[in-house]
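Please look over the sequence and structure before reading the points.

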Amino acid sequence: MNTNTAVTAGLGLKPQHYEAASTCRAPSLWFEIHPENYMVAGGPRLAWLESIRTAHPLSLHGVALSLAAAAAPDEEHLRRLATLVRRFEPLLISEHLAWSQWSGAYRPDLLPVPRTKEALLQVAANVDRTQEVLQRRIAIENPSHYLAFESHDYGEVDFLAELARRTGCALLLDVNNVYVSANNLGYNAAEVVDSVPSDLVAEIHLAGHSTDAAVETLLIDSHDAPVAPAVWALYERLIERIGPRPTLVERDAEVPSFDELLRERAQAHAILQPLREAA
Amino acid sequence: MTPLPLSEYQSAFAQALNAANPLTVAPELAALVQQPGFAVYRNTVLKGCIDALQANYPAVARLVGDEWFRAAAAEFVRGNPPERPMLIEYGEEFAGFLAVFEPAAAMSYLAGVAALDRFWAEAHTAADAAVLDAETLAALTPERTREVTLIPHPAARWRWFADQPVYTIWSRNRGDGDPAADLEWCGEGALLTRPHAAVRWTSASAAGVAFLDSCAAGHSIERAVIAALGADPKADLASLVHQLLSVSAFTALAPSTSTESVS
């Protein structure tokens, strides 16, 4: 476990909440950002982040490093990421087991990868390169799944655990993604959550999901609603087993007021708190 | 079945995301494409690109309405997918696309409006820099105006629209005044700046735009004045320069990089 991390709950930072976030004094609150939104030369985005950083720790959660592509991560992108890491000294840095950049085009999504032996070698090399450039340990997140692959050689948890063993990276366990994927692909979410090696989990994500507009059996990782009760239950089950971990509440669409997000964040905080005191 | 090499899988998957016709999908991908979940990726990628474009072109979107904008954007995205993940930069070619987009033919000002939306995004993310003050300029001797130039602020963007009130149309659709109010159908210029946090905008005269163009080319202040007068012989240069300084159009003085003499 990443011991230098404040083991509390944080919030995804939205531009409409910059002012509220910079003046908020909720104890041990931290914010997570997508670094891609701050890879700019200057201007108010970076200025707000500087201001918020003086009061709250940050976590950088990348969506575009494309670590599961059959290519090394883009060196220019890594350089921009390293610049943000140096400037904002985040407590946590994370990315996804997914790809988005390929053949000169970027797709704004977390595309799935067959978890083959070849993919493991490629992703491990890409994580190694990233950690080498950043000089930091990163955590890798399980994305949501919508497709069944016949070509997987590994289960998701086994793949991530082996990746961590080879590279020294940590895991970012998105409990909502486990729930959504288990529903979509027909497996048991609790079994997956129970199988995650405790010592590898550096961060946890919680978010809301929705039902697909076209196919009612599919759940979409839409981040447009409060965390569902079933996901809270999985989260409590996980925390009970592995102990408190930094936990992010995400909302990226239908974003409510900052106060409402703070209340949802307090719910996660309340689950972590007794265990923090006992620890 | 032996799995596809990762690179081949990705090329086939990327192609299947774009394929309008499922028959063109590589056979190795068929088992994935026929699952209902494949459409989730297809929809998410397209929606993400269109959302980014709509966020970057709010005045265009407001002018043409949501439905028209998203249909046009979908067509643009097919030919111009994002190359890089910084989506605030996405859509550099959108103004050029609209200029030749058949359904936009009746809105000949639309490409200009898109160009100003683009200027806003560039100004919003441009490097921070000091603002040149009027005192520094006032202290210059006439000789020095032949040797130095005014460096435009990195956030400053400007353009002259010769035939259409593009600036007024754009600014009314960015929250200044009534978009439905009457327009005086004549040429006008636009100047966007960002001295501190917020992007600001103002109309610019033909002389002002010529002055800025000349400064940006590294010409001396004296030559920039001549360029401004070339655009409008009746221009009041003192008030023009005062106006440009008051909206923070320049960052510093520097030796002129153009050696061409004025005669």
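Helix 6 (residues 175–185) of chain A has eight of its 11 residues buried, so it is largely enclosed by the rest of the structure. The cover over these buried residues includes strand 8 (170–174), helix 7 (189–195), strand 9 (201–207), strand 11 (219–220) and helix 8 (229–242) of chain A. This is a predicted model: local features need pLDDT of at least 70, side-chain atom pairs count only at pLDDT 80 or more, and totals for chains, interfaces and linings use all residues. Residues are numbered from 1 along each chain as its sequence is written, and chains are lettered from A and ligands numbered from 1 in the order in which they are written.

**Helix 6 of chain A**
- Its buried residues are Val175(A), Asn176(A), Asn177(A), Val178(A), Tyr179(A), Val180(A), Ser181(A) and Asn184(A) (buried: 20 or more other C-beta atoms within 10 Å of the residue's own; exposed: 12 or fewer; partly exposed: in between; C-beta atoms are placed from the backbone).
- Just after this helix, Gly186(A) has a positive phi of about 75°.
- Helices (H or I, at least four residues) and strands (E, at least two) are DSSP runs, numbered from the N terminus.

**Ala9(A)**
- Ala9(A) lies in strand 1 (residues 9–12) of chain A and is buried, with 28 other C-beta atoms within 10 Å.
- Not counting residues up to four places away in sequence, Ala9(A) touches Thr247(A), Val249(A), Arg265(A), Ala268(A), His269(A) and Leu272(A) (contact: C-beta atoms, placed from the backbone, within 7 Å).
- His269(A) is 260 residues from Ala9(A) in sequence, yet their C-alpha atoms are 5.3 Å apart.

**Sheet in chain B**
- Three strands form an open sheet in chain B, in the order 2-3-4 with antiparallel pairing (two strands pair if DSSP finds at least two bridges between them).
- Strand 2 (157–161) and strand 4 (200–204) of chain B are at the edges, each with a single partner strand, so one side of each has no neighbour in the sheet.
- Strand 2 of chain B is joined by five bridges to strand 3 (residues 188–193) of chain B, and the two run antiparallel.
- Trp160(B) has Gly189(B), in strand 3 of chain B, as its bridge partner.

**Contact between the chains**
- On chain B, 39 residues are in contact with 39 residues of chain A.
- Helix 3 of chain B gives the most to the side of chain B that touches chain A, with nine residues.

Definitions and conventions: Contact = placed C-beta atoms within 7 Å.
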